[in-house]
Amino acid sequence: QVQLVESGGGEVQPGGSLRLSCEASGFAFSGEVMRWYRQVPGQQRELVASISNLQRTHYADAVKDRFTISRDNAKNTVYLQMSSLKPEDTAVYYCNAFTRNYWGQGTQVTVSA
């Protein structure tokens, strides 16, 4: 059974940090491109960051230099380290296994004073 389980969301003040985790099971994680997306109600889901099986990374311009995506293949887990958070980063964040089009349930991140 395929599962992507996100954790680590919450509420933080502007300028703060959070680390999201996504633990995968049920498929060959190490060979998969993993992505983080986010979605605000009423808006389209947008790509935040991506990491290939060769550790090649890509970031949306809005988060470049503030967010870092990484993976631990031994733990079947992908991470999103978020720093210098802004109110506009508030969204539900989703983990995605790209080529298989698997999605997690999402985790809420709220940046508010």
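N96 lies in strand 9, where strands (E, at least two residues) and helices (H or I, at least four) are DSSP runs numbered from the N terminus. The model is predicted, so local features need pLDDT of at least 70 and side-chain atom pairs count only at pLDDT 80 or more, while totals for chains, interfaces and linings use all residues. Residues are numbered from 1 along each chain as its sequence is written, and side-chain values use heavy atoms, with hydrogens and water left out.

**Overall fold**

- The protein chain contains zero helices and 11 strands.
- The radius of gyration, taken over C-alpha atoms, is 13 Å for the protein chain, close to the 13 Å that the globule rule gives for 113 residues, so the chain is as compact as a globular protein of that length. The globule rule is 2.2 Å times the number of residues to the power 0.38.
- The C-alpha trace spans about 40 × 25 × 25 Å along its principal axes.
- Of contacts between residues at least 6 apart in sequence, 53% join residues at least 24 apart; contact means heavy atoms within 4.5 Å.

**Surface and charge**

- Buried residues account for 42% of the 113 residues. Buried means under 20% relative accessible area, exposed means over 50%, and partly exposed lies in between (1.4 Å probe, protein chains only).
- The chain exposes about 6000 Å², and carbon and sulfur atoms supply 44% of that area. Accessible areas come from the Shrake-Rupley method with a 1.4 Å probe, and for residues only the protein chains shown count as cover.
- There are 11 positive and 10 negative side chains, with the centres of the two sets 5 Å apart. Lys and Arg count as positive and Asp and Glu as negative, leaving out His and the chain ends; each charge is placed at NZ of Lys, CZ of Arg, CG of Asp or CD of Glu.

- C95 is in strand 9 and is buried at 0% relative accessibility.
- L4 and C95 are 91 residues apart along the chain, yet their C-alpha atoms are separated by 6.9 Å.
- N96 is also buried, with a relative accessible area of 2%.
- The N96 side chain reaches the backbone oxygen of Y102 at 3.1 Å and the backbone nitrogen of F98 at 3.4 Å.
- Beyond four places in sequence, N96 touches L4, V33, M34, R35, Y37, N101, Y102 and W103.

**Loop residue D89**

- D89 sits in the loop between strand 8 (77–82) and strand 9 (91–97).
- The side chains of D89 and R38 are joined by a polar contact of 2.9 Å. A polar contact is a pair of N or O atoms within 3.5 Å; within protein, one must be able to donate a hydrogen and the other to accept it, and residues adjacent in sequence count only if both atoms are side-chain atoms.
- Apart from neighbours within four places in sequence, D89 is in contact with R38, R66, F67, S84, V109 and V111.

**Strand 7: T68**

- T68 belongs to strand 7 (residues 67–72).
- T68 is partly exposed, at 42% relative accessible area.
- Not counting residues up to four places away in sequence, T68 touches Y59, Y79, L80 and Q81.
- The C-alpha atoms of T68 and W103 are separated by 20 Å, and the two residues are 35 apart along the chain.
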